[in-house]
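Keep the structure open as you read.

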Amino acid sequence: MQVLAQGALRKMRTELTDGQAHYQLRCGEQSLALNELLGQRISLTHNGTIHCLNCGRKTKKSFSQGYCYPCFTKLPECDSCIMSPEKCHFHLGTCRDPSWGEQFCFQTHIVYLANSSGIKVGITRGTQVPTRWIDQGAVQALPILRVDSRLQSGLMEHLFKDQVADKTNWRTMLKGGIPPLDLKAERDRLFEASAAGMVELEQRFGLQAVQRLEAEEVTIDYPVLNYPLKVSSLNLDKTPEVSGLLLGIKGQYLILDTGVINLRKYTSYEVEFRSE
């Protein structure tokens, strides 16, 4: 096999072209087009080294997808409100880095419905459309609200969670064959069922801060030759070298004939990537 890239893994770069998801493996300073490698045998070897994504410190374990423990406990992007934005505490004066919060949290966010393993509600920064949907392996997505801040998007998502799931079943997503949904009908049903709570949040933040969208649905096809009948997860911590035929790419997963591996989980791992 030929070495095509080596260095610290990063989240795969994605783009959507004519409804087709395209992937680039990022490894060190290198970017490698992965769609072109479908059907080829590849290998990914971890040399045991992990360097923190923020400070570069060598760490035995990666926290929050690529950070050492001290950075995990201090950085705003690793705070609990990132996973639960409705718990934003910026207004309390306790943000880990107010300048970071002002830049990343006080910007346009989109609340959306997606079909990745069935219907789910999610949020993302406006600049992360459609990247966020590809990262989740969604085959359909529909923006339903535009809001002014991450807190507002989190409160809306939390409101909708009583009606719609907010998690993706990654095993179901990777098996393929996801039945199509009428997302516009689901949006209308969701708005009706959550009407009282939506009005309360609109009154709290103002009608201009929460805007209902009449957007078109986005559909996404993934570069997959064959979906697995049984999903078996590969783990670089337990098996430093994984290899097999590359049968597909979906979400942030490589689908091999030997199992699937979530590359985002191994952000900051020093690896060597080979292909035939």
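Is E202 buried or exposed? This is a predicted model, and in it E202 has a relative accessible area of 11%. The cut-off for buried is under 20%, so E202 is buried.

E202 has a charged partner. Its side chain meets that of R212 in a salt bridge, at 3.3 Å from N to O. The pair links distant parts of the chain: E202 sits in helix α8 (residues 195–205), R212 in strand β8 (residues 210–212), and they are 10 residues apart. R212 is partly exposed, at 43% relative accessibility.

Salt bridges also form a network. R187, D188 and E214 are joined into one through shared partners. The count of salt bridges comes to 10.

Another of them pairs R96 with D79, at 3.8 Å from N to O. R96 lies in the loop between α2 (80–83) and α3 (98–104), while D79 lies in the loop between α1 (69–74) and α2, so the pair ties together parts that are 17 residues apart in sequence. D79 counts as buried, at 11% relative accessibility. R96 is partly exposed, with a relative accessible area of 33%.

D166 and K161 make a further salt bridge, at 3.6 Å from N to O. K161 counts as partly exposed, at 34% relative accessibility.

Now turn to helix α5, residues 150–160. This helix is mostly covered: nine of its 11 residues are buried.

Key:
Residues numbered from 1 in each chain as written. Predicted model: local features only at pLDDT ≥ 70, side-chain atom pairs only at ≥ 80, totals over all residues. Heavy atoms only, no water. Buried < 20%, exposed > 50% of the residue type's maximum accessible area, 1.4 Å probe, protein only. Helix = DSSP H or I, 4+ residues; strand = E, 2+ residues; numbered from the N terminus. Salt bridge = Lys/Arg side-chain N within 4 Å of Asp/Glu carboxyl O.
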